[in-house]
Structure formats: structure tokens, C-alpha cells
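Me: I would like to learn how to read salt bridges in a model. Please start with the structure itself.

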Amino acid sequence: MTIRTNLKVLIGGGTGFVGKRLGELISKHGYDVTNVSRMPGRNNICWSDIALRGLPDNTHAVVNLAGQQFMDFTKAWTPGFKQNVQNSRVFTTKSLVEAINKAQAKPKVLVVVTGVGAYEPSETNKYDESSTVTGSDFFSRLTIEWEGAASKVDPSVRLVIIRSGVVIGREGGMIKNMILPFFLGLGGRIGSGKQFLPWIHVDDLTGIIKFALENEKVVGILNGVSPHIVTNQDFTVSFAKALNRPAFFPVPETILNVLLNPERAMLLTKGQHVTPKRVMEFGYSYQYPNLDDACKDVAHLFPKKTAN
Ligand SMILES: NC(=O)c1ccc[n+]([C@@H]2O[C@H](COP(=O)([O-])OP(=O)(O)OC[C@H]3O[C@@H](n4cnc5c(N)ncnc54)[C@H](OP(=O)(O)O)[C@@H]3O)[C@@H](O)[C@H]2O)c1
């Protein structure tokens, strides 16, 4: 393990599912982590502090992981909620970029985690980092604006944008929502199950972020997905097997469209075939390249007390 000496890393949304895991990982390697949050707290500064006072002195790197959850089932898909989803990503990125651009001593690198929703859902197209982003739907247009905000960073700062797939981890995201029905044997594929499900284990997403912080040659877009391409049906079988449960209850697309609104439901009912070409070219070594191993790691009803 390489121990770094107190390099300061600022993490927007560092209090969240991926952010906490990233904070734990890089703190173990000697980085000094501060979160940017809407709430005061130990190791937190507020977004208004960034706007008023700029970056903390000697910030070595900035990461943005802030964003209102798309799949907050307590919130209807209203224009106001969509605005919140958008602003929480675009405005936080803008705010960090403005602070970086104003800083006398600039950080070395800015890493912004966006999503594979950038690519148009398809059962036939194949995407790598060189593929065109068309802005064909809400998520793709959002990603264009989000990444556009990041691209305004001063050119002296290395910019890495990681388009993440669905993050597999017990403490948040899709698994947190699905563990109970699957544990009770009530799980099943979504719609036809043929839609691709670009995925990544949380330890690989945080691993790729750390890799990007530490490797000066890493710059530009990376697809934060596993090289093991699967469909929703493959995932359903693998997760049910890891829990030792059947998965006989498919969820019809029409029901999700009614419950979630078709625009939001497409995150579940449609997918993209995405490869991490550049991640592999840069030489990142995956901890969980295989879905069965990733599912086994998260197939427990109660979250583990400590992270790996
Ligand atoms: N999880 C996934 O499967 C997945 C997949 C692809 C992309 N991503 C992207 O990766 C990033 C991190 O994901 P995550 O699952 O870790 O997210 P998360 O836990 O849902 O949220 C991360 C943080 O965002 C901040 N936040 C939430 N709503 C906000 C709002 N309205 N305005 C400003 N800040 C807000 C919160 O920090 P405070 O409460 O401290 O302010 C929260 O802790 C997100 O941008 C997400 O879109 C995630």
C-alpha cells in the first residue's frame, strides 16, 4: 500500500453511497479528505463556503459525486424534482469549477462522476469512450450539461470524467433497493430482461477514481463499468443465485412506467452496451471484473459494519 502524505482531497457529495466509500479508501492511503455537503458535519464544508471562500488552501484534488438520487421512490417525477436532479449535478460541478478557476494554487486534478445514461439506450449499439453522445433523452441531455460544466475547468487542471454504470454495493444504489424483495424470493427480471445493464462494483468505481487521482496520464472520459457485459436477466440470475433464492417474478415494464413515469423508468427498462476501453488501456486492474463475484460480495441482508 502506498501511503500518501496528507494530500488534501475535496469530495462534493462525499457523504453519499460512493463518496463515503471513496473517503474511506483514500483516507486509508493517507489522503486528507473534506466533503462538500449541504449539511454541516465533521469533515464537511458547505457549498456556500466554497462559493464565498473558495477552495481550502492546498487542495490537491477535487472530486464531484453530488447528485439528487433519480430513484428516490418517495419523490414523484415532477418538473420540480427533475430540476433538482439536474441542478444538484450541474450547479455543484459549476461551483467546484468556479472555485478551482479562482484559486491561486490550483489542484492537480478534477474528477467528475457522471453516468452511462450519456449513451442512447439500445439493444444493438455498442459504446466505448469514443462513441457519440446524442442527447436523445433526459439523462443524456443532463450528462451533456453536467460534463459541459466540468469542461470549463482551467486547462492547467487535469480533467477526468467517469461515466459510471449502475454501482453494485450493499450500502446504496440499486442493491439497497432490491435486496429485500430478492431476499424474500420475490425478485425477477425487469421487462424482457434483454436490456443491457452496465454495472460496476463500488470498490472498482472508487478504485478507478483513486487510479485517476494518482496517474497523471489519465485524462478525459472513462467508462466506469465492468468489462463483463450483462443484461438485466443475467443480473437477476446472478443476484438471486448469490442470495440462494429463486427469481420468478418479472416486473412488467408497463407497471414501472405507471409508477415511476416512463422517462425515469427507462433507467431500469432500457440499457446500453458499454465497454471500459480506455480504463483497460490505462491499465486499471479490476477487483470485481465478474458479476457473480460482485453479487456474492453484496448478497447479505444487513450491511457490513466496516468497508473493505
Ligand atoms: N449509485 C449509482 O448506481 C450511480 C450510477 C451512475 C452514476 N452515479 C452518480 O454518481 C454520483 C454519486 O452517486 P451516489 O449513489 O453516491 O449518490 P447519493 O448517495 O445518492 O448522493 C450523493 C450525495 O449527493 C448529495 N446530494 C443529494 N441530493 C442533493 C441535492 N439536491 N443538491 C445537492 N447535493 C445533493 C448528498 O450530499 P449531502 O446530503 O451531504 O449534501 C449525497 O450524499 C451521483 O452524481 C450519481 O448520479 C451513481
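Me: How many salt bridges does a search of the whole structure find?

Reply: Side chains of opposite charge can pair when their charged atoms come close. A salt bridge here is a side-chain nitrogen of Lys or Arg within 4 Å of a carboxyl oxygen of Asp or Glu. The search of the whole structure gives 10. This is a predicted model, in which local features need pLDDT of at least 70 and side-chain atom pairs count only at pLDDT 80 or more, while totals for chains, interfaces and linings use all residues. Residues are numbered from 1 along each chain as its sequence is written, and side-chain values use heavy atoms, leaving out hydrogens and water.

Me: Which residue forms a salt bridge with Asp 72?

Reply: Lys 75, with 3.1 Å between the closest N and O atoms. Asp 72 is buried at 16% relative accessible area, and Lys 75 is partly exposed at 36% (buried is under 20%, exposed over 50%, partly exposed in between; 1.4 Å probe, protein chains only).

Me: Where do Glu 214 and Lys 210 lie?

Reply: Both are in helix α6 (residues 202-214), 4 residues apart, so about one helical turn separates them. Helices are DSSP runs of H or I with at least four residues, strands runs of E with at least two, numbered from the N terminus. Glu 214 is partly exposed at 24%; Lys 210 is buried at 14%.

Me: What does Glu 253 pair with?

Reply: Lys 270, at 3.6 Å between the closest N and O atoms. This pair links distant parts of the chain, 17 residues apart: Glu 253 is in helix α8 (residues 253-260), and Lys 270 in the loop between α9 (262-269) and β11 (273-274).
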